[in-house]
Amino acid sequence: MKCEIGIRAHDLPIYDDLDKLANQLWNYRFYNVQFSPKFSLKDETNNGENMSFGLAHHSKEILDQKQINIAILGCYVNIIHPDLNEKNKAIDLFKHYLAYAKAMDCPIVATETGSITNVYKPQKENWTKKVFDLTVSQIKQLTDEAEKLGVLVGIEPGINHPIYNVETTKKLIDEVKSPNLKIIFDPMNMIYQPEDDEEQIVKDGIKAFGNEIYAFHIKDYKFIDGQKIVAPFGEGLAPMTDIAKIIKNFKARPYVFMEETPKDNFDISVERFENMFH
């Protein structure tokens, strides 16, 4: 079984030049992208805040010329920001992106949930019932809007956020109760310490909420002085061969996106990723 492979467009260091970006994606044979205007068009959109329907359509047209599909529209916001004005601003911006997705012929807008302290690291402040309940409430606002527009909301869990493991992800799905909520599943985001088993996390996630997985994010990692860092693909601790086998047997042609691969050894990382998942 093959996967529909892709990459986050902003993992290529090309900004505010859609033609150059499309050519580079095509050269690497990445025909599916997670496209985030906040990064790929950071100056033109003032870090993603000044999108327009015209720019959304133009972006689609340029990428279409290289047969590149915008599979995910990324809207990186902190929907549980400790400042009320910033929190409301994040929700409003995400709702606008749900509408822009239609202009891009993209079915889903995705984000991580953020942090109650606006500091992105594993912390007990994020892992309380109060913050989980707030997160559910915020995501319900987004799925309500998505249902009206006929698009999807993608949430990416991780240990830096209130939705930080398989259990909280399943609980989120159960409490939001929206067919328009989907999961961007990055098992590495749920790794907290070297003893954690990424292969088991993939298996547990598929068993718990497999039908709600829209796409997988895949990256390699290692620990240095107790800190988890991203490693070139195939050079870290992740059991990539086993993970690839599980994902390929999950469903026909699932989306799998390579993420955050360091620029060192980038080309060989791409080659390894393509050979393993395509």
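**Note on the predicted model: cysteines, helix packing and selected residues**

1. At 4% relative accessibility, Cys-106 counts as buried. This is a computed value from a predicted model. Cys-75 is likewise on the buried side, with a relative accessible area of 2%. The sulfur of Cys-106 has that of Cys-75 as its closest cysteine sulfur, at 12 Å, which is too far for a bond.

2. How many disulfides does the structure hold? The number is zero. Cys-75 takes part in no disulfide, and the cysteine sulfur nearest to its own, in Cys-106, lies 12 Å away. A disulfide is a covalent bond joining the sulfur atoms of two cysteines. The cut-off applied here is a sulfur pair within 2.5 Å, so the 12 Å between the sulfurs of Cys-106 and Cys-75 rules out a bond.

3. Ala-71 counts as buried, at 1% relative accessibility.

4. His-10 sits in the loop that runs between strand S1 (4-8) and H1. Is His-10 buried or exposed? At 12% relative accessibility it counts as buried. Its contacts, not counting residues up to four places away in sequence, are Tyr-15, Ser-36, Phe-39, Ser-40 and Tyr-76.

5. Most residues other than glycine have a negative phi. Arg-29 has a positive phi, near 65°, and is not a glycine; Arg-29 lies in the loop between helix H1 (18-27) and strand S2 (32-35). Asn-47, also not a glycine, has a positive phi of about 60°. Asn-47 belongs to the loop between helix H2 (37-40) and helix H3 (53-64), and with a relative accessible area of 43% it is partly exposed.

6. The next points concern helix pairs. H3 and H4 pack with their axes 8 Å apart, at an angle of about 45°. The two helices are therefore oblique to each other, and H3 passes H4 in a right-handed crossing. On the H3 side the contact involves Phe-53, Ala-56, His-57 and Lys-60, which meet Ala-99, Tyr-100 and Ala-103 of H4. By class, this contact of H3 with H4 has five nonpolar residues, one polar and one charged.

7. Ala-103 is found in helix H4 (residues 84-103). Not counting residues up to four places away in sequence, Ala-103 touches Phe-53, Ala-56, His-57 and Lys-60. The C-alpha atoms of Ala-103 and Leu-55 are 9.1 Å from each other, although the two residues are 48 apart along the chain.

8. Helix H5 (residues 129-149) and H6 have axes that come within 10 Å and cross at roughly 50°. The pair is therefore oblique, and the crossing of H5 past H6 is right-handed. Which residues make the contact? From H5 they are Phe-132, Val-136, Ile-139, Lys-140 and Thr-143, and from H6 they are Thr-168, Lys-171, Leu-172, Glu-175 and Val-176. The contact of H5 with H6 has five nonpolar, two polar and three charged residues by class.

9. H6 also contacts H7. The axes of helix H6 (residues 166-176) and helix H7 (residues 198-209) come within 10 Å, crossing at roughly 15°. That angle makes H6 roughly parallel to H7. The crossing of H6 and H7 is right-handed. In H6, Val-166, Thr-169, Lys-170 and Ile-173 meet Ile-201, Asp-204, Gly-205, Ala-208 and Phe-209 of H7. Sorted by class, the contact of H6 with H7 has five nonpolar, two polar and two charged residues.

Conventions:
Residues numbered from 1 in each chain as written. Predicted model: local features only at pLDDT ≥ 70, side-chain atom pairs only at ≥ 80, totals over all residues. Heavy atoms only, no water. Axes fitted to C-alpha atoms, helices over the stretch in contact; angles between N-to-C directions. Helix = DSSP H or I, 4+ residues; strand = E, 2+ residues; numbered from the N terminus. Parallel < 35°, antiparallel > 145°, perpendicular 65-115°, else oblique. Left-handed = near helix turned anticlockwise from the far one by under 90°. Contact = heavy atoms within 4.5 Å. Nonpolar A, V, L, I, M, F, W, Y, C, P; charged D, E, K, R; others polar. Buried < 20%, exposed > 50% of the residue type's maximum accessible area, 1.4 Å probe, protein only.
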